[in-house]
Protein chains: 2
Amino acid sequence: MSRTTIADVAREAGVAKATVSHALTGNRPISEETRAKVLAAAERLGWVPSQNARALANRRANAIAVVLARNPDVIANDSFFPAFIAGVESVLAETETALLLQVVPDRDAEERAYRSLAHGRADGALLLDLRDDDWRVPFLEELDLPTVLVGAYDGPHPFSCVRTDDAAPIREIIAHLRDAGHERIAHVSGPLRYVHSRARADAYVAEIGDDALLREGDFTAASGRALTAELLALPERPTAIVYSNDTMAIAGLSFARAQGLSIPADLAISGFDDDHLSAHLTPALSSVSTDPAARGRAAARLLQAAVGGAEPRTEVVDCNVVHFRESTSA
Amino acid sequence: MSRTTIADVAREAGVAKATVSHALTGNRPISEETRAKVLAAAERLGWVPSQNARALANRRANAIAVVLARNPDVIANDSFFPAFIAGVESVLAETETALLLQVVPDRDAEERAYRSLAHGRADGALLLDLRDDDWRVPFLEELDLPTVLVGAYDGPHPFSCVRTDDAAPIREIIAHLRDAGHERIAHVSGPLRYVHSRARADAYVAEIGDDALLREGDFTAASGRALTAELLALPERPTAIVYSNDTMAIAGLSFARAQGLSIPADLAISGFDDDHLSAHLTPALSSVSTDPAARGRAAARLLQAAVGGAEPRTEVVDCNVVHFRESTSA
DNA sequence: CTGAAAGCGCTAACAA
DNA sequence: TTGTTAGCGCTTTCAG
């Protein structure tokens, strides 16, 4: 491993360690001449400052973190996460900031992870998969770690927040289905403890008037299939199902077809997230594109601001667009 | 931020700092009694050791890194990366190791990033998107940073390596197409500077005998479309196209259909990667599932071994499975 | 404008 | 089995 230190550079340049430090950070006036000397020496030796030493001395890690309490497989089977991370990275890249990603198996490990971050491992954290009454919010507040909440959170908190309006697209889809004559419209939601699932489900219930045809899934294909089966077995089966993600919608679509139903004639179907292949299915799946990358960018910017001491603020990213395709056409 | 340090814990437990350290690491014998005392004190104070201080003192960061020189968007539009990361994390989670992800805009920043890692920011690195004659390999060797190469690399190197056999599935697909009577079989590859693209293209050329119907794409839908157009405009157009990923295959499929061709009757099509929706398309797309998560797990294990001082070794992950579906059926 | 020296929080000798 | 001390490589007073 690289053993070149600031002392080597100082010696090579014939200056003090402090001068090297300041030549790089610009934290105090340096004559152009010595600065050039230092930079040249650093270049020659291939020296970069140790982030650990630097973090220890000035409490700045040049990294932000995302701690994931979910099964790692979800990273792969979720179209939100990769795109979100891509958005985050596109902002971080500008400042050569790294993203620390940690998956934890349980609550204990999760608390340790956040404590470790607050102890200088990262400058801030992004909170995903928010639940109502999420313990992490007060916990991070006490840890005093700059944080950005991705998704709505109802309780009081001192953090910046990136929100979207998930109710509007659900209302739009239902209106569209009603225009096409549908009266029994069902909804297969994600886990209702997640605020975004809940927002969609609430919009559905508000619009329909009751929750008789609401079923709580967990975003997996298996649950999409099972709940579709349940709904289709009803005495008066629904003529349309609004799903809370594309994975469940496609599983439902497959199941319905296997039952001999034709889509959309017998059953209209819509998804959420607009997976990049959804438009290519037959029938093409109506869905809501959500631009997770835009939210990633917004979250990263807000976090960088928070790390810099800015006041918290809530940013509503207007990114949800409904795409009506064959699976809901009249 | 948390300001509790090892000194606070030592005071609270009535022991020396070193004792606290050793109580946690188990690096030297400690009486059960004091150990319990220390752990209780740490618990009470909510203390976790500072990774920075620890890394500085013993050169162990408890993190491994992936540096990405590509456009962040690719993270989202690539089915390999998220699944690979999921596999990596599933192994890292066991040891509470974090993954440091950094996107860099240019070669300079990339070198700096790797230097920083070698300077104690991470214990090792995973190298993706290998090219033949990749400058990073000798560079990391000189930096003496434990590394695992993901993908084949021909030059000499002192690192562990995770390989797959990408030629076999291509041969299998071509054999299958020939059985169905196809004689003009084309291949749309990825960038040939990437070793995995090249391996597939080489297998194609070896099997077919020439590269007249080989076209070099870049894995994007746009290139899939453009090269399909080019191939279909040939005087003697191919009757089958083997693509190097699903994205290009689906773009090609859409284009061909828009030209009035029917799939697979007029044109057989196969992809690579087996995107999770490919089986749901109509016609369902023949593809090669590659289990990137398995490679992620293997890479993470090899890297942890390398960090621990193990000898480098090459692991061939046998994960490629061809799925023949409607898009290539006779 | 520059240098010297004191820490940041931890681990690893070295003693006891 | 435990305590004491000297760094790890950097930033930042404090002097000059």
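B:Pro264 sits in the loop between α12 (246-258) and β9 (268-270) of chain B; helices (H or I, at least four residues) and strands (E, at least two) are DSSP runs, numbered from the N terminus. A cis peptide bond, with omega about 5 degrees, links B:Ile263 to B:Pro264. The bond from B:Thr282 to B:Pro283 is also cis, with omega near -5 degrees. B:Pro283 lies in the loop between β9 and β10 (287-289) of chain B.

The model is predicted: local features need pLDDT of at least 70, side-chain atom pairs count only at pLDDT 80 or more, and totals for chains, interfaces and linings use all residues. Residues are numbered from 1 along each chain as its sequence is written, chains are lettered from A and ligands numbered from 1 in the order in which they are written, and side-chain values use heavy atoms, with hydrogens and water left out.

Positive phi values occur at two non-glycine residues described here. A:Glu96 has phi near 50 degrees. This residue is in the loop between α6 (80-92) and β2 (98-103) of chain A. A:Glu96 is partly exposed, at 30% relative accessibility; buried means under 20% relative accessible area, exposed over 50%, and partly exposed in between (1.4 Å probe, protein chains only). B:Asp129 also has phi near 50 degrees. Its loop runs between β3 (124-127) and α8 (136-143) of chain B. B:Asp129 is partly exposed, with a relative accessible area of 24%.

Chain A holds 13 helices and 12 strands. Its C-alpha trace spans about 85 × 40 × 30 Å along the principal axes. Of its 330 residues, 55% are buried.
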